[in-house]
Amino acid sequence: MNASSRQNPEDQSRRRQIRGLLLVALGLLLVVIAANPLAEALIEHQVRAATGREFHIHGGLSVSPGLVRHRLQGRDIELGNADWGTHENLFEARRVEVEWVPWRLLLGQVVVTAVRLDQPILNLERDATLRANWRFSDEPVHDPLPRRFPDIEALWVEQGQLRLLESREKRRTDLSVDVQSGEPTAPGRLPPLMIEGGGDYRDHAFVIEGRIGSPLHLVDKDPQRRYWIDLSAEAGSTRARVSGGLRSVLQLQDFELDFSIAGADMSELYPLLGLAIPQTAPYDLTGRLGRTDSTWHYRGVTGTVGQSDLAGEISVDTGRERSLLVADLRSKQLDLDDLAGFIG
């Protein structure tokens, strides 16, 4: 007989009653807090103190207590941008709903079971000196993302919009995409985000669509966790698709993805990729794209350039004063006119 089974039944009943009373008290406390106008001012003050940015809940707070889960809802929320930013706010939303299980708080578990965002707008920006507006004043410059997050088990986005601006010379980007949560690919999986939009990259117009993993994966503590993407893009006559898993979307290192690309002429890739490639016939290639240190590699390449078939591997070392391109390619049917730009 173990120790728990020897406990007095009256003691066990008393403990259950105490837990129940604590849960009821917590639920009532949340209702009182939400009904108190001072609660909004307190939350706004705490967020301002933590981020150094303006924060407002214009539409008020409300709490919906439940038998198992409680919900806190805020309307017309705005988080200010960095003082050098282009847009007024870094983040804004018509409605933000947070759901949690009260008894887990009593056990010391800071866990949010779901966050729902209605019409959110996220304005991400990086200036010419690589300052990023998603980093706050107390965060290390080289830390890819803030890590002071409670555990969030699910994120749902309705009618969202993501904007990305980058003003670095030769990498100017102005992107705007619509974002919507899709159905999870399997039970227990986080819902992915479906995106569709476009803009300018290096002063060239392009469109993009596909799906990306939940942003919650970006703060996952598991170093082996991959951030999955499946995206298609078009810029002029160039079409590309990339799919696979990344360790980090902000630090493209040590990864390998399925990558296909097709277009009218490889020389058109220069303004997009910064690689000076001679003129070619129309091409259509598929392979595995990756990066190790400063070297990009395109392995397992198969496809065609004009009437010629190609297979092999291509690598580009961008860490040199002048980028070095090395290609090991084979062809069963080669028309020299298709590659005249390479061989003269």
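## Exercises on a predicted model

I57 counts as buried, because its relative accessibility is 5%. The model used in these exercises is predicted.

**Exercise 1.** Where does I57 lie, and which residues does I57 touch, not counting residues up to four places away in sequence?

Solution.
- Step 1: I57 belongs to strand β1, residues 55-57.
- Step 2: Leaving out residues up to four places away in sequence, the residues touched by I57 are E40, I43, E44, G74, R75, D76 and I77.
- Step 3: Take G74 from that list. G74 is 17 residues from I57 in sequence, with 6.6 Å between their C-alpha atoms.

**Exercise 2.** Which parts does the salt bridge between D76 and R94 tie together?

Solution.
- Step 1: The side chains of D76 and R94 form a salt bridge, 2.6 Å from N to O.
- Step 2: D76 is in strand β3 (residues 70-80) and R94 in strand β4 (residues 89-100), so the pair ties together parts 18 residues apart in sequence.
- Step 3: D76 is partly exposed at 30% relative accessible area, and R94 is partly exposed at 36%.

**Exercise 3.** Is E97 buried or exposed, and with which side chain does that of E97 form a salt bridge?

Solution.
- Step 1: Buried means under 20% relative accessible area. E97 has 10%, so E97 counts as buried.
- Step 2: The side chain of E97 meets that of R116 in a salt bridge of 3.5 Å, N to O.
- Step 3: E97 lies in strand β4 and R116 in strand β5 (residues 111-118), so this pair ties together parts 19 residues apart in sequence.
- Step 4: R116 is partly exposed, at 26%.

Terms used:
Residues numbered from 1 in each chain as written. Predicted model: local features only at pLDDT ≥ 70, side-chain atom pairs only at ≥ 80, totals over all residues. Heavy atoms only, no water. Helix = DSSP H or I, 4+ residues; strand = E, 2+ residues; numbered from the N terminus. Buried < 20%, exposed > 50% of the residue type's maximum accessible area, 1.4 Å probe, protein only. Contact = heavy atoms within 4.5 Å. Salt bridge = Lys/Arg side-chain N within 4 Å of Asp/Glu carboxyl O.
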